[in-house]
Amino acid sequence: MDFDLTSEQSMIRKEVRRFAQKEIAPQAEEMERTGEYPYEIIKKMAGLGLMGIPFPEAYGGMGGSWVAMHLCIEEVSRVDGALGGLLDVTTSVVGQEIAVFGTEKQKKKWLVPIAQGKEIGAFGLTEPNSGSDAGALQTTAELKGGEWVLNGTKQFITNIGLDCASMIIVAARVKGGDNADTISTFIVPKNAPGFRLGERYRKIAWHSSATHEVVLSDCRVPKENLLGDPQRGFAQHLAVLETGRISIAAIAVGVAQACLDEALKHARDRKQFGRPIFDFQAIQFKLADMAVSIELARNQYLKAAWLKDQGRPHAFEASAAKLYASEMAEKVASDALEIHGGYGLMEEYPVARYYKGVKILQIVEGTSEVQRLIIGRILASQAKKQGF
Ligand SMILES: Cc1cc2nc3c(=O)[nH]c(=O)nc-3n(C[C@H](O)[C@H](O)[C@H](O)COP(=O)(O)OP(=O)(O)OC[C@H]3O[C@@H](n4cnc5c(N)ncnc54)[C@H](O)[C@@H]3O)c2cc1C
């Protein structure tokens with residue numbers, strides 16, 4: 001067993017930590033306050049190759065590992081969780097879906113600019129009437145005159161509102177010859193006829209993350225924009241969400257680490273009863289529990305990413321990482337805020353921003369209940385194999 005990172009992984013983590021602290025941290029508060037989309041930072045992240053770390057060089061990537069990708073997501077999220085979310089969707093989910101299931105032509109056309117960070121991808125699964133029950137989606141696709149015609153509404157879509165977002169991968173229901181439905185996936189360019197960018201959501205946090213509704217009204221895309229196996233579109237969409245769960249866990253660890261950093265700093269500076277509050281054992285115990293739970297969550301997401309790099313199954317590890325890390329982050333953010341006392345509720349203290357943002361992590365890419373359902377199903381199948 002070897003817990004060491006490779007020299008490339010250590011190097012890229014160091015470089016991204018330096019970049020995040022120097023280039024993103026000074027602007028993070030302002031971006032959250034104004035809700036402006038961070039185009040300059042996206043350009044700089046693209047310049048470092050962050051959107052293409054796990055993809056082959058032939059497709060504009062760095063030929064790196066999923067472990068390296070997730071170390072970078074953690075470092076970016078340590079200063080701005082919303083930017084971690086951008087990386088999760090464009091790379092772990094959308095880029096990967098094209099890399100794994102796309103044709104050579106689709107990879108050249110869509111994956112290369114996404115891996116280079118010149119274009120950003122969006123993922124369309126959720127609809128007004130299908131969230132956790134994703135299989136109940138109602139968007140339809142029909143082949144007419146050599147084109148796919150899509151109708152439906154996707155909601156809460158990350159990244160799609162960015163000017164540099166070029167497309168969304170949409171899951172839609174297709175009627176077969178026997179009238180039975182299958183779910184297939186389609187690459188829908190933002191400039192396709194019938195594509196409309198809907199309402200920008202007013203969220204309680206992550207204001208600089210572009211979350212919009214997408215409306216498809218007789219939206220026409222070329223026949224070759226069908227992605228992967230038409231019979232297995234839903235399975236494809238869910239398969240990449242497994243990696244998305246590792247990414248959400250890495251974001252949660254980054255945000256929780258930022259909370260611990262701030263709480264530790266504050267506890268050393270703030271004096272009450274004639275001494276730094278750090279000297280009180282009650283405060284030290286809180287900080288110790290925070291440090292332990294962050295480290296356990298980090299180990300879990302790294303294990304899931306490592307298994308992925310080995311091409312080994314990791315459904316349990318990814319769901320466990322997402323469930324544990326997102327719940328851990330909420331507790332750590334709450335404790336960090338408490339250590340700040342009244343200052344923790346003041347907008348100018350970074351911990352207030354972290355606290356407001358952590359709840360998102362328990363909801364996206366499958367809520368905590370959905371992770372428990374997935375883990376429950378894995379346990380049931382293990383029990384069956386063992387004859388329980
Ligand atoms: C900021 C943000 C960004 C997002 N980005 C994207 C995106 O890019 N693409 C995309 O497709 N979607 C995106 N989503 C949608 C997100 O994935 C869904 O919100 C999430 O899957 C939950 O679905 P829902 O909101 O419909 O909640 P619901 O499914 O209605 O769930 C409501 C509650 O019921 C619980 N529940 C539901 N079913 C069960 C059950 N069987 N057992 C126990 N409890 C259950 C849930 O856990 C939850 O607590 C985003 C959401 C947000 C908030």
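The centres of domain 1 and domain 3, taken over C-alpha atoms, are separated by 20 Å. The contact draws 22 residues from domain 1 and 24 residues from domain 3. On the side of domain 1 that touches domain 3, helix 1 (7-34), helix 3 (66-77) and helix 4 (81-101) are the elements that give two or more residues. Helix 4 gives the most, with nine residues. By class, this side of domain 1 has seven nonpolar, eight polar and seven charged residues. The model is predicted. Its domain assignment places domain 1 at 7-118, domain 2 at 123-231 and domain 3 at 235-382.

The chain as a whole comes to eleven helices and ten strands. Its radius of gyration is 21 Å, close to the 21 Å that the globule rule gives for 388 residues; the chain is therefore as compact as a globular protein of that length. Along the principal axes, the C-alpha trace spans about 80 × 55 × 40 Å. Of the 388 residues, 52% count as buried. Among contacts in the chain with a separation of 6 or more, 73% join residues 24 or more positions apart.

Helix 9 spans residues 350-357. Seven of its eight residues are buried, so helix 9 is largely enclosed by the rest of the structure. The buried residues are Pro350, Val351, Ala352, Arg353, Tyr354, Tyr355 and Gly357. Their packing partners are helix 1, helix 4, helix 6 (233-269), helix 8 (315-339) and helix 10. Helix 1 and helix 4 give residues to the side of domain 1 that touches domain 3.

Terms used:
Residues numbered from 1 in each chain as written. Predicted model: local features only at pLDDT ≥ 70, side-chain atom pairs only at ≥ 80, totals over all residues. Domains from an automatic or database assignment. Contact = placed C-beta atoms within 7 Å. Helix = DSSP H or I, 4+ residues; strand = E, 2+ residues; numbered from the N terminus. Nonpolar A, V, L, I, M, F, W, Y, C, P; charged D, E, K, R; others polar. Buried ≥ 20, exposed ≤ 12 C-beta atoms within 10 Å, placed from the backbone. Rg over C-alpha atoms; globule rule 2.2 N^0.38 Å.
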